[in-house]
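Here is a briefing on one structure. Please look at the helices and the sheet in turn.

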Amino acid sequence: MAGSTPGAPPQTTAKGPTATAAADPWTARLRTRLYRARRTLRRTGVDYFRGDASDWLAFAAFLAAIPLLVLLNVWFPAWVPPTALVLPILAGALLLRPGTLVLLYAAAALGLSTESVIHTGERVASEHPESYVFGVTPGAALVVGAVGVAGLLLAQFRSRVGVPWRGGGTMLFDLRERLRVQSQVPKLPEGWYADMALRPAGGQSFSGDFVVAARTGPGRRMLECVLADVSGKGMDAGSRALLLSGAFGGLLGSLPAHEFLPAANGYLLRQDWEEGFATAVHLVLDLDTGEYELLSAGHLPGMQRLSGAGRWEVKEAAEGPLLGIYDGAKFEGVRGRLNRGDLLMLCTDGMVEVPGRDLSEGMDRLMGEADRLVAGALLQSGSRGAAVRLIETVAKDVNDDRAVLLLWRG
């Protein structure tokens with residue numbers, strides 16, 4: 001063949017589909033490796049932020065920071081004091097496990113000793129040792145040690161609870177939001193309005209007061225609301241309130257109205273809590289006729305403003321026993337009707353109960369403020385915010401959980 005060397009294999013240059021086919025295996029293998037690396041990195045990151053992964057990466061970073069801080073202290077002692085070692089200690093307390101944190105503390109103690117030795121040598125070698133002001137003082141060592149002890153206690157608490165600090169705050173926020181969402185009144189048909197506000201004791205995030213509400217019955221023309229007050233207040237009662245609100249929400253609408261409070265009472269008794277009682281009022285309202293029934297378990301009576309008469313009426317049923325006291329309790333109800341312009345108000349004892357003052361006085365004051373704040377333009381326009389204004393006006397500085405539920409017909 002012309003142009004070829006005898007005995008040598010023919011040299012060809014692959015082009016077109018043949019070249020693409022040869023390159024594809026390399027591209028496919030590269031893409032596979034990149035996908036595996038990305039998936040491993042993502043899984044590692046998720047596990048780490050859930051607290052399930054090894055903390056060696058964070059430990060290595062904090063460990064590397066200690067000699068860096070030691071060097072900076074030696075070079076720039078006026079800008080980087082010995083107490084700067086608390087920075088990796090604090091970060092380690094939030095991210096590391098207790099066993100790994102102890103190793104970091106050992107490295108920090110070694111770094112502090114190194115700084116002390118170096119500054120002591122510089123002081124001795126100085127022409128004016130008495131004017132040398134840098135070094136590790138007993139106070140600095142005490143500060144670093146105290147922060148280390150506090151950090152170790154924090155790490156042990158995280159380990160015992162099993163929730164990393166990154167997820168702990170998120171979990172609490174999620175629980176608070178769930179309680180808030182569960183306390184919302186569902187959307188009502190035209191002509192009906194509702195407003196509700198909760199305020200925990202002491203400005204905390206969790207409250208022992210809660211509301212659960214649902215549209216039930218044929219065509220969802222019935223509104224059922226339960227306003228409950230768990231024993232205790234604030235954070236102490238918040239966890240029980242969250243558990244009970246979920247249970248009460250599941251029971252609401254799945255049982256006939258007169259069976260709800262007995263079922264709730266039985267559920268509370270089965271929890272066997274040391275401080276396991278609660279009060280509750282159960283409202284069952286027909287959204288077509290405005291007729292309602294209030295069933296009480298040791299709770300404050302409802303208060304209805306009659307628009308035609310321009311006065312308030314206390315809807316006090318035969319007060320049933322508290323929930324969680326004894327089995328087989330019976331709960332009686334009181335009936336009423338909401339006409340156009342009428343307002344029904346339910347609240348917890350934090351709104352009306354003040355030491356040294358009769359309960360009826362507190363209720364009279366609440367109804368008077370509601371008359372002034374709610375019965376005017378707010379009631380007619382269906383605007384929200386009246387419940388918050390009532391709490392701010394009547395019980396702003398009360399160290400107790402407070403809840404108000406307003407329901408009116410326009």
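Helix α8 (residues 257–271) has 15 residues and spans 23 Å from first to last C-alpha, close to the 21 Å expected at 1.5 Å a residue. The expected span is 1.5 Å times one less than the number of residues. This is a predicted model: local features need pLDDT of at least 70, side-chain atom pairs count only at pLDDT 80 or more, and totals for chains, interfaces and linings use all residues. Residues are numbered from 1 along each chain as its sequence is written, and side-chain values use heavy atoms, with hydrogens and water left out.

**Helix α8**
- Helices (H or I, at least four residues) and strands (E, at least two) are DSSP runs, numbered from the N terminus.
- Buried residues (under 20% relative accessible area, 1.4 Å probe, protein chains only) of α8 are A257, F260, L261, A264, N265, G266, Y267 and L268.
- D272 follows α8 and has a positive phi, near 55°.

**The sheet**
- Five strands form an open sheet in the order β1-β10-β9-β6-β7, with antiparallel pairing (at least two DSSP bridges between two strands).
- β1 (192–199) and β7 (311–315) are the edges; each has a single partner strand, so one side of each lacks a neighbour in the sheet.
- Strand β6 (residues 302–306) pairs with β7 over 5 bridges, in the antiparallel sense.
- Q304 has E313 in β7 as its bridge partner.

**Helices across the sheet**
- Helix α9 (residues 359–373) lies across β6, β7 and β9 (343–347), at about 135° to β7.
- Contact means heavy atoms within 4.5 Å; axes are lines fitted to C-alpha atoms, for helices over the stretch in contact, with angles from 0 to 180 degrees between N-to-C directions.
- Helix α11 (residues 386–394) lies across β1, β9 and β10 (402–409), at about 40° to β1.

Definitions and conventions
Buried means under 20% relative accessible area, exposed over 50%, partly exposed in between (1.4 Å probe, protein chains only).
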